[in-house]
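Hi,

Here is the structure I promised to pass on.

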Amino acid sequence: MEFLNAIVALSNYVLVPALAYGSQLALGALGVTLIYGILRFSNFAHGDTMAFGTMITILMTWWMQSVGIGLGPLPTALLALPFGIAGCAAMVLLTDRVVYRFYRAQKVKPVILVIVSMGVMFVMNGLVRFVIGPGDQRFADGERFIITALDFRMMTGLKEGLAIKTTQGITLVTAVIVVGVLFWFLTHTRTGKSMRAYSDNEDLALLSGINPERVVLVTWLIVAALATVAGTLYGLDKSFKPFTYFQLLLPIFASAIVGGLGSPLGAIAGGFVIAFSEVTITYAWKKVLVYLMPESLEPSGLVQLMSTDYKFAVSFVILLIVLLFRPTGLFRGKAV
Amino acid sequence: MIKVDDLHKHFGGFRAVDGASLEIAEGTITGLIGPNGAGKTTLFNVIAGVLPPTSGRVTMAGEDITGLPPHVLFGKGLLRTFQIAHEFTSMTVRENLMMVPGDQAGERIWNTWFGRRRIAEQERALQAKADEVLEFLTIDHLRDEKAGNLSGGQKKLLELGRTMMVDARIVFLDEVGAGVNRTLLNMLGDAIVQLNRERGYTFVVIEHDMDFIERLCDPVICMAEGKVLAEGTLAEIKANEQVIEAYLGTGLKNKGMVEA
């Protein structure tokens with residue numbers, strides 16, 4: 001019984017939240033890694049691209065809520081998501097037209113594109129705050145829990161409860177679907193293969209008649225979709241605040257690099273590695289340990305290795321360790 | 001077929017191609033020789049649209065193609081291979097070949113979802129064609145091998161195979177023979193001649209192996225220091241004093257090992 005209680009407590013506070021957070025990071029890191037693989041620069045504007053897509057989704061959600069369109073127990077935001085993706089796609093394509101294409105034509109070094117993307121980041125960041133405000137926005141509705149802690153306790157008779165939020169369930173299901181579709185697209189469609197070819201060897205791809213502008217266009221569309229989905233899921237799960245998305249850039253980059261920049265599989269693995277380490281290291285283990293240890297050994301402190309304030313530091317320690325021992329990341333991406 | 005007019009390509013102060021003018025006649029296998037650093041590969045790069053020229057003009061069948069991007073030139077039937085073989089490492093040999101033809105049905109996002117049957121038909125046709133090419137090059141047993149695992153010579157064959165996937169008009173081969181053993185080299189030569197005769201490909205071949213040039217090429221163009229030095233049959237080129245000076249070398253003559 002004690003052992004079961006420990007497992008449940010662990011799932012409730014560590015496994016379930018980390019799985020949801022990991023999925024969100026993985027979706028974000030996939031966008032970063034695709035841009036890196038195909039456009040060959042680290043896109044610092046990715047966090048704010050997520051914020052922009054999410055903002056459109058939120059505005060649509062509010063409108064739908066006001067006219068009474070909804071999905072019943074599911075959040076209305078899921079209905080608004082396609083509009084968010086479309087808005088975000090329009091935004092990134094416009095940015096590409098106006099900004100990146102100019103630099104691409106000059107064949108500038110990647111580092112210049114990185115700086116350019118920082119400029120884009122600040123513009124997008126300002127735009128989002130200007131439109132929706134810098135504060136916290138709530139837009140989640142529908143059923144809050146798939147199963148509440150109380151229900152779980154009643155059902156199982158255990159002392160510990162396991163609560164699974166609807167948003168956590170939706171995050172996981174959506175992430176699995178999106179990743180599945182993306183991988184099918186990359187491996188089984190001609191466009192996907194062109195993208196992989198372009199990422200693998202740009203010169204050869206060009207001389208094989210692959211139209212680079214088309215590859216770039218499709219890449220941005222996919223990235224816009226990934227960013228909006230990731231941003232909306234994160235916003236549903238936690239809350240939407242433009243500055244939080246700007247900060248999310250750090251663990252997202254850490255995930256992409258840990259997995260190996262340019263490797264989609266790596267981005268997913270990296271997302272979960274980062275999420276699990278952040279959550280486990282900043283979690284107060286007392287609750288779990290109390291169940292597992294004999295009474296005399298029970299800890300009196302919280303057994304929290306680090307305060308949650310330092311969670312971004314965790315991702316960077318992992319990042320440094322991986323780069324020291326495996327510079328190309330877990331899945332052998334391109335060297336950074 | 002291809003006319004290059006006073007072409008310049010400078011990298012800062014370095015003049016890699018320095019006023020080269022030449023003409024490639026349709027249906028020929030033209031050899032391009034010259035010492036290292038003569039500007040042969042740079043010339044290829046400029047013609048194929050990889051590098052923009054500093055000045056000058058390139059025309060193909062009378063049409064100005066100067067500075068067009070590679071994928072557009074590819075659409076016009078102008079192909080090139082690389083001095084150091086390039087391949088899509090993570091794809092199989094067959095997939096590498098199937099990448100080549102442009103404007104496939106599966107490239108349209110719409111078709112990806114709603115045109116499955118058309119894509120499947122086209123893929124089947126491409127697959128058959130790729131298999132045919134692999135058989136022609138006698139590397140059909142490597143069909144499902146990852147291209148990154150091939151040997152250097154096999155990669156060269158794959159490069160040539162790539163040009164056979166579409167109806168090319170003119171193919172620029174950059175040192176197909178480098179690092180390839182004798183037997184394989186002869187095979188490459190046979191393949192080139194056969195493509196030239198049966199499918200009417202025009203070839204321009206950069207090569208250092210004189211036997212290879214002798215077997216295949218007529219005429220031969222010799223470049224040095226970014227300029228065209230001489231043009232003619234290999235025999236004429238070999239007898240040209242300037243060419244001997246710049247490329248073939250006077251070393252043997254000076255040592256008295258051959259009669260002057």
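How much area is buried between domain 1 of chain B and domain 2 of chain B, and what share of it do carbon and sulfur atoms give? About 1,500 Å², with carbon and sulfur atoms giving 77%. Keep in mind that this is a predicted model.

Three residues of domain 1 stand out here: Leu158(B), Met164(B) and Met165(B) supply 41% of the area that domain 1 of chain B buries against domain 2 of chain B, more than any other three residues. For orientation, the domain assignment of chain B gives domain 1 as 2-87 + 154-254 and domain 2 as 91-149. Their centres, taken over C-alpha atoms, are 28 Å apart.

As for contacts, 15 residues of domain 1 of chain B touch 18 residues of domain 2 of chain B. On the domain 1 side, α6 and α7 (182-198) of chain B are the elements that give two or more residues, and α6(B) gives the most, with 8. That side has 9 nonpolar, 3 polar and 3 charged residues.

Now the two chains. 30 residues of chain B are in contact with 26 residues of chain A, and the area buried between them is about 2,500 Å², 61% of it from carbon and sulfur atoms. Again there are 0 salt bridges by the rule. The chain B side divides into 13 nonpolar, 8 polar and 9 charged residues.

Cheers

Notes
Residues numbered from 1 in each chain as written. Chains lettered and ligands numbered in written order. Predicted model: local features only at pLDDT ≥ 70, side-chain atom pairs only at ≥ 80, totals over all residues. Heavy atoms only, no water. Contact = heavy atoms within 4.5 Å. Buried area = accessible area lost by both parts, 1.4 Å probe. Salt bridge = Lys/Arg side-chain N within 4 Å of Asp/Glu carboxyl O. Nonpolar A, V, L, I, M, F, W, Y, C, P; charged D, E, K, R; others polar. Domains from an automatic or database assignment. Helix = DSSP H or I, 4+ residues; strand = E, 2+ residues; numbered from the N terminus.
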